[in-house]
Amino acid sequence: QVQLVESGGGLVQAGGSLRLSCAASGRTFSSAAVGWFRQAPGKEREFVATIRWSGGSTYFTDSVKGRFTISRDNAKNTVYLQMNSLKPEDTAVYYCAADFRFYTDYTDTDPRRYNYWGRGTQVTVSS
């Protein structure tokens, strides 16, 4: 049974930073695509960032490019989302998602690509 647990959310002022963690249990990330998504109140879940465990390729949505980075720690089986220069519009529940299939019918930015999800962590950015 694969479980993903996010942590690191909280309340921060605009311009501040947070680092979110996504720890996996039950399976190593070794072949996974791992993504971060977020959902603000009244809005649909949107893609934020993704990383391929093998090779480390990354991709970000335009609104976070230059401010967010995504990284992995093999030893800890954990993926991190470092969020800098936070803005009030970054306020949302952030979800970690993983999939262990190398290829699917969906791109890595599509939530349908992922079959394991964490419960989310709240990020609130005050102005």
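Guide: Buried means under 20% relative accessible area, exposed over 50% and partly exposed in between, using a 1.4 Å probe and protein chains only. Thr-121, at 11% relative accessibility, is therefore buried. Keep in mind that this is a predicted model, where local features need pLDDT of at least 70, side-chain atom pairs count only at pLDDT 80 or more, and totals for chains, interfaces and linings use all residues. Residues are numbered from 1 along each chain as its sequence is written, and side-chain values use heavy atoms, leaving out hydrogens and water.

Thr-121 belongs to strand E11, residues 121-126; strands (E, at least two residues) and helices (H or I, at least four) are DSSP runs numbered from the N terminus. Between Thr-121 and Val-5 there are 116 residues in sequence, yet their C-alpha atoms are 8.9 Å apart. Leaving aside residues up to four places away in sequence, Thr-121 touches Glu-6, Ser-7, Gly-8, Gly-9, Leu-20, Ala-92, Val-93 and Tyr-94, where contact means heavy atoms within 4.5 Å.

A nonpolar core is a set of buried Ala, Val, Leu, Ile, Met, Phe, Trp, Tyr and Cys residues joined through side-chain atoms within 4.5 Å. The largest one here has 30 residues, and Tyr-94 is among those with the most contacts inside it, as are Phe-29, Trp-36, Phe-68, Val-79, Leu-81 and Met-83. At least two residues of this core come from each of E3 (18-25), E4, E5, E7 (68-73), E8 (78-83), E9 and E11. A second, separate core has five residues, including Ala-33, Phe-37, Phe-47 and Tyr-114.

Three of those names bring us to the rings. Rings of Phe, Tyr and Trp (its six-membered ring) pair if their centres lie within 6.5 Å; planes under 30 degrees apart count as stacked, over 60 as edge-to-face and the rest as tilted. That rule gives seven aromatic pairs. Phe-37 and Phe-47 are both buried. Phe-37 also pairs with Tyr-114: the centres are 5.5 Å apart and the planes at 75°, so this pair too is edge-to-face. Here 77 residues separate the partners, with Tyr-114 in the loop between strand E9 (92-99) and strand E10 (116-117). Tyr-114 is buried, as is Phe-37. Ring pairs join Phe-37, Phe-47, Tyr-59, Tyr-114 and Trp-117 into a cluster.
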